[in-house]
Amino acid sequence: MGKEQGFYQVFEVFSRRTPEAPLQHQFSLLAPNEELALVMAQENFMRREPVADLWVVKRDYIRRINEEEKVALKRLDNKDYRLTRGYGDLKKRWRKYEQNVFDEKEILSWKGEIRR
Amino acid sequence: MSEKSMYFHPDGQEALVELLFQLADDDFLLAYRGSEWLGLAPHIEEDIAFSSINQDTMGHAAMYYQLLEEFGLGTADELAHARPATERRNAVLLELPNGPGHYLREPRYDWAFTVVRQYFYTQAKHIRLESLRKSAYKPLAEVAAKVQVELHYHLLHWHTWFVQLTNAPGEARTRMIKAIQDVAADFAGVLTLGARGAEMERWGLIEGEDVLTEKTIAALAPAFAEVGLEWPMPFGMKHGNGRNGEHTPDLDDALATLSEVYRSVPQAIW
Amino acid sequence: MMGTIMTFTRLSEDEKHELFMRRIEAGEKIEADDWMPDEYRMTLIKLVAMHAVSEIMGALPEKEWVPKAPTLRRKLGIMAKVQDEMGHGQLLIRVAEDLMAPLGKTREDIIQDLLNERLKFHNVFHMPAPTWADAGLIGWLVDGAAIMTQTNMLDASYGPYARALKRICAEEVFHAQHGESIILALAEGTKEQKDMLQEALNRWWEALLMFFGPPTAETTGTSKQDITIKYRIRTKTNEQLRQDYFTKYVPRIWALGLKLPDETMHFDKTQGKWIYRQPDWEKFKEIIRNNGPKSQERLELRRIAHKQNAWVREALSAVRTVG
């Protein structure tokens, strides 16, 4: 371990493309501290795309899941009680009352103008 | 831009053209010096970030050269590549080499000098642009607003390096102090508007040299407080006044290199 | 503790190896902290570190032309391209660093290995680039060759490498277009420009052939291609890649009216392959040993710069900044 060791610390870089977008992991870089890491981040990984927000995090501060633990990420696909596909019968049922079903497309359209 | 909007009173045109050449040549030469650092920076990630700054800056130069095209003096490429040293209007500080050696042989470049030069210049550029945004020549005001957009990053970048290196213990601080003295020795050449400065001010193209100098000093002062250094007054023009066409052999070398291919096949399309 | 409910660590080395091979054959990705056979790790370290330093050294032939580029737009374009080479070097060296971390090696070690000539870089980057046409040709045909080898590894079993390559290949599209733009201007230009271009091609052709590596181990004594194919890092052999390169690029070269310095080059329909003259593979070995025309000069640039700037790294190692 030479005296230059502190210069090369690993920082993970995250950024948001637009204010509405989720924060996304980009890549990692080496820097002596978080200020320089921040100042180098955008030009290293996002030169050709918009950046609305930027984080750098020292890798040491991240608790990552390891190879063996990854098995604990698995789930069964038997939970349609919490998915829209588990309620596919609604379309037919509402038709009895001459009503349309409020599916995802319909509900998200409420964001805009609703004609009376 | 319509022909009408590019118009400026003929009596003020010489002063305007002088100013535009100063702005263009300043950014062009500094970007040129910066581009010699490619692959040689202290740190790979910084090499990459620095290159973006140089591209931005050369892009700024290109914008000013394009404004100059309106005055029938040549195309932007001709203005950038073909004018001899005596016609160049950049501050001499910006043509000085990055250090001893050549970018292809024995480049013993000085990062301290580069950081200080870039930081001081960027600060002065920022103040100059603030003034230019109110320029009587509207196309220039518009370009200044655009250039400002990229300058925020340049300031953040160089300010960070300046403070961290000057506050670092031992050799770094000594080197940075020397670099500050070297830059200060020619920094008046950046702040001056040259022989036609008063004329530029009269035509409302830019504020006066004294005002700009005062504001630049005020802008640099906080950084000096951060690093616990006394103000390095006064600024000098040790190597001459580039605004008046006084330059060094280093500029001759730089121009020979940057125009080498351009001149090799005249009138060619590249 | 998580470890107690896992059984992986209780497997024998052979069993772990078998599980590992099954994972990659199923198309799964191996990550930096996953268990991997020593051979896999060492093969990747060699490959990725060499790739990393090749990008970093690869910036140097073109760097010569950055200050000299003939127009503002070309100066900007080539600055951006060389920046990308450094950027690719950064991505790859990070991948190599994470692979080497368990061995206690760091970036400084990798740089020292390059400067002390323990780590080799691709033959093309040892070659001179004496004219502007060389700068254009590099963007067109050298990057073209790199695109061939890099796209071949986009599905690499090692996740971090595959992800780095994805970023790299996206930028290579700009490189190819930048190179083509310069070349087309020369091909359509004055006699001097056309001659400059033909001479550059004559200079580079052999190096381009050698870029893909020897066809078999017999040619130069070693070949890593079998191991890298076994571990699903790449799929095609050196010769397949070279043949694909000819298919994509020889027609275009000829279309511009350029001649190859190999009059035997032709596509044989019966054999379904390009017939061509082998480059001098002995020369390849010499070049790889850092005895190429520009090897020492370019390494020296890096050595000087690294030493000159040591004070910067030392200064900031000691500092503990606030915030």
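Colleague: Is A:Glu98 buried or exposed?
Modeller: A:Glu98 counts as exposed because it has 6 C-beta neighbours inside 10 Å. A residue is buried if 20 or more other C-beta atoms lie within 10 Å of its own, exposed if 12 or fewer, and partly exposed in between, with the C-beta atoms placed from the backbone.

Colleague: What kind of model is this, and how is it numbered?
Modeller: This is a predicted model, in which local features need pLDDT of at least 70 and side-chain atom pairs count only at pLDDT 80 or more, while totals for chains, interfaces and linings use all residues. Residues are numbered from 1 along each chain as its sequence is written, and chains are lettered from A and ligands numbered from 1 in the order in which they are written.

Colleague: Back to A:Glu98. Where does it lie?
Modeller: A:Glu98 is in the loop between helix H2 (90-95) and helix H3 (104-108) of chain A. Helices (H or I, at least four residues) and strands (E, at least two) are DSSP runs, numbered from the N terminus. The phi of A:Glu98 is near 55°, a positive value in a residue other than glycine.

Colleague: And what is the phi of C:Glu117?
Modeller: C:Glu117 is not a glycine, yet its phi is positive, at about 65°. C:Glu117 belongs to the loop between helix H4 (107-115) and helix H5 (132-151) of chain C. C:Glu117 has 13 other C-beta atoms within 10 Å, so it is partly exposed.

Colleague: New topic. How is chain A divided?
Modeller: Chain A has domain 1 (7-61) and domain 2 (81-111), with bounds from an automatic or database domain assignment. The C-alpha centres of domain 1 and domain 2 of chain A are 42 Å apart.

Colleague: How many residues of chain A are in contact with chain B?
Modeller: On the chain A side there are 10 residues, in contact with 9 residues of chain B. Two residues are in contact if their C-beta atoms, placed from the backbone, lie within 7 Å.

Colleague: Which elements of chain A give two or more residues to that side?
Modeller: They are strand E2 (24-31) and helix H1 (34-45) of chain A. H1(A) gives the most, with 6 residues.

Colleague: What about chain B and chain C: how many residues are in contact there?
Modeller: There, 44 residues of chain B are in contact with 42 residues of chain C. H2(B) supplies the largest share of the chain B side, 11 residues. By class, that side has 26 nonpolar, 9 polar and 9 charged residues. Ala, Val, Leu, Ile, Met, Phe, Trp, Tyr, Cys and Pro count as nonpolar, Asp, Glu, Lys and Arg as charged, and the others, Gly among them, as polar.

Colleague: Which residues of chain B does C:Leu76 touch?
Modeller: Not counting residues up to four places away in sequence, C:Leu76 touches B:Gln55, B:Met58 and B:Gly59. C:Leu76 lies in helix H3 of chain C and counts as buried because it has 20 C-beta neighbours inside 10 Å.

Colleague: Which residues touch the most other members of the largest nonpolar core?
Modeller: In that core of 180 residues, they are B:Tyr64, B:Val116, C:Val48 and C:Ala96. A nonpolar core is a set of buried Ala, Val, Leu, Ile, Met, Phe, Trp, Tyr and Cys residues joined through C-beta atoms within 7 Å. Helix H3 (residues 72-100) of chain C provides the largest share of this core, 14 residues.

Colleague: What does B:Val116 touch?
Modeller: Leaving out residues up to four places away in sequence, B:Val116 touches B:Phe162, B:Met176, B:Ala179, B:Ile180 and B:Val183.

Colleague: How many residues of H1(B) are buried?
Modeller: In H1(B), 20 of the 23 residues are buried, so this helix is largely enclosed by the rest of the structure. Its end C-alpha atoms are 32 Å apart, which agrees with the 33 Å that its 23 residues should span at 1.5 Å a residue. The expected span of a helix is 1.5 Å times one less than its number of residues.

Colleague: Last one. What pLDDT does chain C average?
Modeller: Chain C averages 91, and 93% of the residues score at least 70. pLDDT is the predictor's confidence in each residue, from 0 to 100. Over residues 1-5 of chain C the pLDDT is below 50, and this stretch has 3 contacts in the model beyond near neighbours in sequence. For the complex, the predictor gives an ipTM of 0.95 and a pTM of 0.94.
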